[in-house]
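This report concerns aromatic ring pairs and a helix contact in one protein model.

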Amino acid sequence: MIFDDFFRSVGQLSDPRFRNVLLKGLALTIGLLIAVTIAMTWLVGFLVPDTLSLPFIGEVTWVDGIAGWAAFLVMMVLSVVLMVPVAGAFTGIFLDEVADAVEERHYPELAPAPHVPMGETIRDSIGFLGVIVGVNLIALILFFFVGPFAPMLFWVVNGYLLGREYFQMAAMRRVGRTQAKQLRSRHNLQIWTAGTLMAIPLSIPFVNLLIPILGAATFTHLFHRIAGR
């Protein structure tokens, strides 16, 4: 049944509302990463002195330039690591549009869902960003110790996070935060499994940018199925 939810979501990727959410999330993500890279490069250049006196060498005048380029390269590497979670968090601000599109096509008998206030949506998205970035940075360190099991660790960890957050988002629109948590607790294994299946494509460049959209649509279907709607 989880696969049915997923393939129905894939079948709706041509929906203009899906594309709009993807483009808005990507635009905000790229803008943020560029701004942070510029800010970090400037900050390092500001803090590192133009010249540095070293024993036996004398004055070195290119330290600030090297430090600036090093900061730039570090941010480029971090941007690759953080691109997906940041895009997911930004896209989360607009995921109501995806859920509305899914319900309009597949559940037309339902009344329009009351929209979650923007402040609450932004708060949840920032919280999700903090959790997923933190966990992935820890997992990145653990990858060096688990060897060939690193991809499995990535999928399981992110599967739990994706399942928890996307199901919560889908359920809250219809039954509120408290009942959404209760539903998630009762169906935790199914939700975690669905999240892990969503996490596997995170390993595929460019495809991974579609995961927030597909996740929102898939878990909207999953919610309606297990809630008996």
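## Basis

The model is predicted: local features need pLDDT of at least 70 and side-chain atom pairs count only at pLDDT 80 or more, whereas totals for chains, interfaces and linings use all residues. Residues are numbered from 1 along each chain as its sequence is written, and side-chain values use heavy atoms, with hydrogens and water left out.

## Aromatic pairs

Four aromatic pairs are found in a search of the whole structure (Phe, Tyr and Trp rings, the last by its six-membered ring, with centres within 6.5 Å; planes under 30 degrees apart are stacked, over 60 edge-to-face, the rest tilted). One of them is edge-to-face, because the ring centres of F6 and F7 lie 5.4 Å apart with planes at 65°. F6 is partly exposed at 23% relative accessibility, while F7 is exposed at 54% (buried is under 20% relative accessible area, exposed over 50%, partly exposed in between, with a 1.4 Å probe and protein chains only).

Y166 and F219 form a stacked pair, since their centres are 6.5 Å apart and their planes at 20°. This pair links distant parts of the chain, 53 residues apart: Y166 belongs to helix α6 (residues 150-186) and F219 to helix α8 (residues 211-226). Helices are DSSP runs (H or I, at least four residues), numbered from the N terminus. Both Y166 and F219 are buried.

## Crossing of α4 and α8

The axes of helix α4 (residues 95-106) and α8 come within 9 Å and cross at roughly 50° (lines fitted to C-alpha atoms over the stretch in contact, with angles from 0 to 180 degrees between N-to-C directions).

Note on methods: Helices (H or I, at least four residues) and strands (E, at least two) are DSSP runs, numbered from the N terminus.
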